[in-house]
Amino acid sequence: MRILAIESSCDDTSAAVVEDNQSLISVISNVVSSQTDLHQKFGGVVPELAAREHVGNVLPVINAALAQAGIDIKEIKNSIDAIAVTSGPGLVTSLMVGIETAKTLAHTLGLPLINVNHVEGHIHANFIDRDDIQLPAIVLTVSGGHTNLVMMDENKNLTIVGQTRDDAAGEAFDKAAQLMDLGYPGGPIISKLAGEAFDEDKLRYHIDLPRPMIGSHDLDFSFSGLKTALLYALNNDPEWRKKISSYCDAFESAVVDVLVSKTLAAAKKHNVKTIMLSGGVSANRKLRATMKESAEHLNYSFSAPDLAYTSDNAAMIGAAACHKFYQNQFTDITTLRAEPNLEI
Ligand code: KG4
Ligand code: ZN
């Protein structure tokens, strides 16, 4: 069974062809057209510009994904079993471009349509090329717009058990990078600089940032206070530009400590077999390494998506759609609308 998947919820236009032979999901093609360069000069995504770019990109990206999968456009109907698309959460006009394209394709080709929640897509990126993940699992979903702890049961049903009360973890990285004049998106830049910090500098400068809500007896997060603490620390240190890698390390360590601690608490509370990461921030090397080590130390299995599928892409939407296909969860073409605040 093969699915053509489309993702356009934020600033990446992506199309993928994924195949599920009922035991393994594999990616035949996954094309991503990034708009990072366009939005970089504004320090964040400009919704109107993003939507306009999607309009121009969506058909070339779909054509490239089909071509890379060796599918002749005239033969789509014989090679594809369903069309999948992200229907939310995300930027409403960006979502609309992917949705209307998917609806038109499904309608004209007479193929079934499957709508996918973007966050659910990030989670299902874990199942690409892997058939050995033991369930139930606790999934930490960390991206620019979301920070949730999600329980996945044996049937892959999802329930949110914890979430951020303010900023998402990726948003915190992006805002911290802005405070330090490092550019956008902030996560990869902070992570790279943090990796360059020398141990002796870290000890010498002793930059001490808080771990917000680490001791609270719930599974929620808060990152806005950490950003404010960084702002105060920078304002009180005229030499901060010379210590930039140590500041990046201190910020990254504070975020990772909180994420790991709360995820382990959730795993214990919900008695799961596996700890899973998902979302753009799951590309973070320190988060991946610390979570893996902590999870395995406590005898949990660990899973994180391949780095090719951590940031926004259509292959993860296709992977989630494969699950829905076998559950007969198809979408009514006439009623599907963009849902910017769609929840799990
Ligand atoms: O999932 P994603 O691509 O888009 C959303 O759905 O939001 O996540 C993007 C976020 C951005 O905030 C970016 O700064 C963050 O993921 N990010 C990282 C890293 N790579 C991307 N954060 C920390 N470390 C990274 N290596
Ligand atoms: Zn995302």
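Analyst: Happy to. One term before we start: two residues are in contact when heavy atoms of theirs lie within 4.5 Å. Please also keep in mind that this is a predicted model.

Let's begin at the ligand. The shell around ligand 1 holds 19 residues, and the closest are His122, Gly144, Asp174, Gly187 and Asn284. By class, the shell consists of five nonpolar, twelve polar and two charged residues.

From a side chain, a polar atom of His118 sits 3.2 Å from an oxygen atom of ligand 1. From the backbone, an N or O atom of Gly145 is 3.4 Å from a ligand oxygen, and a backbone N or O atom of Gly170 is 3.1 Å from an oxygen atom of ligand 1. On its own, ligand 1 has 550 Å² of accessible area, and the protein covers 86% of that. Which elements give two or more residues to this shell? They are helix H5 (118-124), helix H6 (169-179) and helix H7 (186-195). H7 contributes the most, with four residues.

Now let's follow H5, the helix that also contains His124. Is His124 buried or exposed? Its relative accessibility is 2%, so His124 counts as buried. Leaving aside residues up to four places away in sequence, His124 touches Met152, Lys156, Met316, Ala319, Ala320 and His323.

One of those partners, Lys156, deserves a stop of its own. Lys156 sits in the loop between strand E7 (147-152) and strand E8 (158-163). Its phi is near 70°, a positive value in a residue other than glycine. As background, most residues other than glycine have a negative phi, and most peptide bonds are trans. Lys156 has a relative accessible area of 23%, so this residue is partly exposed.

Tyr184 and Pro185 are joined by a cis peptide bond with an omega of about -5°, and Pro185 lies in the loop between H6 and H7.

Ser222 is buried, since its relative accessible area is 14% and the class of buried residues covers values under 20%. The side chains of Ser222 and Asp166 are joined by a polar contact of 2.7 Å. Not counting residues up to four places away in sequence, Ser222 touches Thr164, Asp166, Pro212 and Met213.

Helix H11 (residues 285-297) is where Thr290 lies. With 27% relative accessibility, Thr290 counts as partly exposed. A polar atom of the Thr290 side chain is 2.6 Å from the backbone oxygen of Lys286. Beyond residues up to four places away in sequence, Thr290 touches Val256 and Val260. Thr290 and Gly88 are 202 residues apart in sequence, and their C-alpha atoms are 31 Å apart in space.

For a sense of distance across the model, take Lys74, which has its place in the loop between helix H2 (47-68) and helix H3 (76-79). Lys74 has 76% relative accessibility, so this lysine counts as exposed. The C-alpha atoms of Lys74 and Lys292 are separated by 46 Å, and these residues are 218 residues apart along the chain.

Finally, a word on cysteines. A disulfide is a covalent bond between the sulfur atoms of two cysteines. A search of the whole structure finds zero disulfides. Cys248 is buried, with a relative accessible area of 0%, and Cys322 is likewise buried at a relative accessible area of 0%.

Conventions. Residues numbered from 1 in each chain as written. Chains lettered and ligands numbered in written order. Predicted model: local features only at pLDDT ≥ 70, side-chain atom pairs only at ≥ 80, totals over all residues. Heavy atoms only, no water. Near = heavy atom within 4 Å. Polar contact = N/O pair within 3.5 Å; in protein donor to acceptor, adjacent residues only side chain to side chain. Areas by Shrake-Rupley, 256 points an atom, 1.4 Å probe, with all protein chains shown as cover. Nonpolar A, V, L, I, M, F, W, Y, C, P; charged D, E, K, R; others polar. Disulfide = S-S within 2.5 Å. Buried < 20%, exposed > 50% of the residue type's maximum accessible area, 1.4 Å probe, protein only.
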